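Visitor: I'm new to this one. Could you walk me through it, bit by bit?

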Amino acid sequence: MNLPADLWAKVLSLMEGEMTATAINTWFDDATPVALESNRFVLHTPTNFKRDIINSRYIPNIQKALHELFSSDFEVVVLGEGELEGYGKKKNDDLFLPGTEEYTFERFVVGASNKFAHAAALAVAEQPAQTYNPLFIYGESGLGKTHLLYAIAHKIHQSHPDFRIVYIKGDSFTNELIQAIREGRNPEFREKYRSADVFLMDDVQFIAGRESTQEEMFHTFNTLYEAKRQIVFTADRPPKEMLRLDDRLRTRFEWGLPVDIQPPDYETRVAIIKTKAIRRGMNLPDPVLQYIAENITSNVRQIEGTVNKILAFQELMGESVDVDTVTRAVRDMFKDKAEFLPSPEIIIDEVSKFYNIDEEALRGQGRTKDTALARQIAMYQIRRMTNLSLKEIGKEFDNRDHTTVMHSIDRIEKLTKQSPEIAEVIKDINANINARYE
């Protein structure tokens, strides 16, 4: 589906109810849609004369039609002769956080489960470092935490274009720090983050238990906070449940406002499905909306995946969207998540990334303390999350025998019961593995 073209066809259809056929044919016969960007619709007409007439007479008609389709206000930009190429270049030059343009407050569907988090995020975006600092948003994967983080960034960038806004994921912060230490670029690393006007960190739970990273975060936090710069974190749990987190960081994370996001209720799920379908050019019948909302209940990301799959099914199969069609299109999404088994390669990859150990060393004969523990955790995870036998697991690790694998699994099982920190490591690695299937 060519979304701008299909959308423009719907807009013209709605405008026909308020404008004469002559007016539409005269001024819009050779107008072409360029883009739908967040809450901006871009249109191109080949002459400046037509551009000026549309701007002076018909923008309200286009905006009214867009509002009817999306239930939100749109800016309409009309490009004239020679402006299309320049617009594209300007857009690329001015791009802020590319690939996240859709993650705005206008596109965040608010319901009972996320109303408080949305209000807090909006307050921070409207008055950076003056309301809640730091803001700490927590909840399970796929519920909209990252959407709110990007929405804060875009709104602040819009009202304060001179602000330096830094976004980073917790594990990426660790990896950048390791690289900076190796290359002797610590001053550059610190300048990058401590000079930010707005500091946004996604999945901050991944810095827990990492001594050098936590030390760096402690000083970064203090520098930004004392300079009255806005700080926002997201995580999959509240600070008090991050058992491997330094107490001094846990205390600072709780200085401002911790807010949680819960899974969306039925009404919110219906609203999310309807909104995402409309933005992809689909009008789903009420029975279809209800069917999806009743069956897809875990998170917003899965809902979006469902809508995308229905759209692909409709385009490829050419069938009308009804409950039977949707059932066939997304049948696998209704299965229990436990039915999806990760491969040993994915598990080993995630354990290697978590411990910053080369995958070859993890599979091989390395005997350092960290490597040995990581290898045992990888064996334990493969045993728990796949159907592989002990012998098959041993083959993944330089053909180790099944007794070695059994010893590793038994050791990690004991450690998870004795050590809350190891149990939390297992939880973090599980989250990373599962995120690759959402």
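What follows is a short chat about this structure.

Guide: This is a predicted model, where local features need pLDDT of at least 70, side-chain atom pairs count only at pLDDT 80 or more, and totals for chains, interfaces and linings use all residues. Residues are numbered from 1 along each chain as its sequence is written, and side-chain values use heavy atoms, with hydrogens and water left out.

Visitor: How many helices and strands does the protein chain have?
Guide: Helices (H or I, at least four residues) and strands (E, at least two) are DSSP runs, numbered from the N terminus. Counted that way, the protein chain comes to 20 helices and 8 strands.

Visitor: What percentage of the residues count as buried?
Guide: Buried means under 20% relative accessible area, exposed over 50%, and partly exposed in between, with a 1.4 Å probe and protein chains only. The protein chain has 438 residues, and the buried share is 48%.

Visitor: Which residues does UniProt list for "binding site"?
Guide: UniProt positions are given in the numbering used here, feature names are shortened, and annotations may be inferred rather than shown by experiment. The entry is unreviewed, and for "binding site" UniProt lists Gly142, Gly144, Lys145 and Thr146.

Visitor: Where does glycine 144 lie, and what is it in contact with beyond its neighbours within four places in sequence?
Guide: Glycine 144 sits in the loop between strand S4 (135-138) and helix H6 (145-159). Its relative accessible area is 16%, so glycine 144 is buried. Contact means heavy atoms within 4.5 Å. Leaving aside neighbours within four places in sequence, glycine 144 has contacts with Phe108 and Ile261.

Visitor: Is lysine 145 buried or exposed?
Guide: Lysine 145 is part of helix H6. Not counting residues up to four places away in sequence, lysine 145 touches several residues, including Ile137, Thr234 and Ile261. Its relative accessibility is 7%, so lysine 145 counts as buried.

Visitor: How are H7 and H8 oriented to each other?
Guide: Axes are lines fitted to C-alpha atoms, for helices over the stretch in contact, and angles run from 0 to 180 degrees between N-to-C directions. Helix H7 (residues 170-183) and helix H8 (residues 186-194) pack at about 150°, with axes 8 Å apart. Angles under 35 degrees count as roughly parallel, over 145 as roughly antiparallel, 65 to 115 as roughly perpendicular and the rest as oblique. H7 and H8 are therefore roughly antiparallel.

Visitor: Which residues does alanine 180 touch, not counting residues up to four places away in sequence?
Guide: Alanine 180 has its place in helix H7. With a relative accessible area of 1%, alanine 180 is buried. Not counting residues up to four places away in sequence, alanine 180 touches Arg185, Asn186 and Phe189.

Visitor: How far apart are the end C-alpha atoms of helix H20?
Guide: The expected span of a helix is 1.5 Å times one less than its number of residues. Helix H20 (residues 420-435) has 16 residues, so it should span 22 Å, and this agrees with the distance between its end C-alpha atoms, 22 Å.

Visitor: Which helices are among those that cover the buried residues of H20?
Guide: The buried residues of H20 include Ile422, Ile426, Ile429 and Ile433. Glutamine 381, which lies in helix H17, touches Ile426, Ile429 and Ile433 among others. The cover over the buried residues of H20 includes helix H15 (344-355), helix H17 (369-385) and helix H19 (402-418).
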